[in-house]
Amino acid sequence: MKRLAYLLSIAAAFIAAACADKDSFTVEGQIEGGGAQTVELLYFTDGAAKRLTAAASDGKFSLTGTAPRPALAYLSVAGNAPLATLVVENGDNISCTVNPDSTVWKASGNQATELLARFTAENASLLRSGDDAAVNSAVAAYVKANPKRVASAALIVTCFRTRGHELQLDSIMSLLAPEARQPAVLQNFMSTVTTQISLDARQRLAPMSFYESRDTTYRYVAQRQTLSLFAFTDDDRTARDSIIPRLQALADSFPARRCRIIEVSLALDSAEWRRTLATTPEAEWQRVWAPGSVSAPLLRKLAVSRVPFFIVADSLGDQLYRGSSVSHADNLIRSRLKP
């Protein structure tokens, strides 16, 4: 009987330990180069951000937290930028190796984290290149091939370059299967770009009226030209000067009936706008002013929330591009209007 009681107590201890493991996750690892540095794990669960810290000894560290559902976590050392992106969930025992001088890291313990580490390693040079379009293409290809994986959702959040690519992001997000859309992984990610991909923002451009510098009104009608390029600027002369050569090159390449350029100033008042015009050469395109800046009803509907900002539309008013890159707008127009 004593032996039976002893065995039962051992079994109970194992069961208790297993239950405890399922109520938490552990991230253990090694900092290459050793040292006694502070390791931090920031993750999102139950609608809130949680932070774990531990002091590494000879480069080794261990952190324990709770996440009832898969959650995105960022591992950093000494308060610097994250060195690794993990997906954590109760029951996980993750092991990872990071290097403060490298963007490549290794991990094991759950499939999503291992896949993220592999993608980062295989695309290390691309991620460092600053080529947003190429990075986004790599992310899109991965998500398309793996729509059911939580790693795909995590990859969108951590690697996709959103600014100026909101419509592409919307398309990629639509590929994700329901099981990949873990709330604590996506972290309400789409809320940051909702206005850019809303139906109102993407709808066909209706006829619009703007003030011209000669105290006249310019009436935009999409059907009057093959393509239209809206360039939204303000009274920041440096920023405006940086895009003028591209606009001029387009104006020189195509007649207005093929490509109509409309530079819309969001200066706070007409006097400031006129001063900006007076200090720049006469342009070969429409230069107009939108009263009310970005708060104007027209621009709120178009979701123009920053400058410079560009919209390319066809003769039906359908928007082909919207974003912050004048080069992307330029390339699109030239590809559509090839001789």
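Colleague: Where in the model is the place of alanine 55?

Modeller: Happy to! Alanine 55 sits in strand E3, which runs over residues 48-55. Strands here are DSSP runs of E with at least two residues, numbered from the N terminus. Before going on, please keep in mind that this is a predicted model, where local features need pLDDT of at least 70, side-chain atom pairs count only at pLDDT 80 or more, and totals for chains, interfaces and linings use all residues. Residues are numbered from 1 along each chain as its sequence is written, and side-chain values use heavy atoms, with hydrogens and water left out.

Alanine 55 counts as exposed because its relative accessibility is 64%; the cut-offs are under 20% relative accessible area for buried, over 50% for exposed and partly exposed in between, with a 1.4 Å probe and protein chains only. Leaving aside residues up to four places away in sequence, alanine 55 touches Gln37 and Lys60, where contact means heavy atoms within 4.5 Å.

Follow the chain onwards and you reach the loop between strand E3 and strand E4 (60-65), where aspartate 58 lies. Aspartate 58 has a positive phi of about 55 degrees, although it is not a glycine. Most residues other than glycine have a negative phi. With a relative accessible area of 64%, aspartate 58 is exposed.

Now look across to alanine 78. Between alanine 55 and alanine 78 there are 9.6 Å in space, C-alpha to C-alpha, although the two are 23 residues apart in sequence. Alanine 78 belongs to the turn of the hairpin formed by E5 and E6, which has six residues between its strands, and its phi is positive too, at about 60 degrees.

E5 covers residues 71-77, and its pairing with E6 is antiparallel, over five bridges; strands pair if DSSP finds at least two bridges between them. Within this pairing, threonine 85 in E6 has tyrosine 74 standing opposite.

Finally, E6 itself, residues 84-88. Five of its five residues are buried, so E6 is largely enclosed by the rest of the structure. In a regular strand the side chains alternate between the two faces of the sheet. In E6, Thr85 and Val87 point one way, while Ala84, Leu86 and Val88 point the other way, and all are buried.

Terms used
Helix = DSSP H or I, 4+ residues; strand = E, 2+ residues; numbered from the N terminus.
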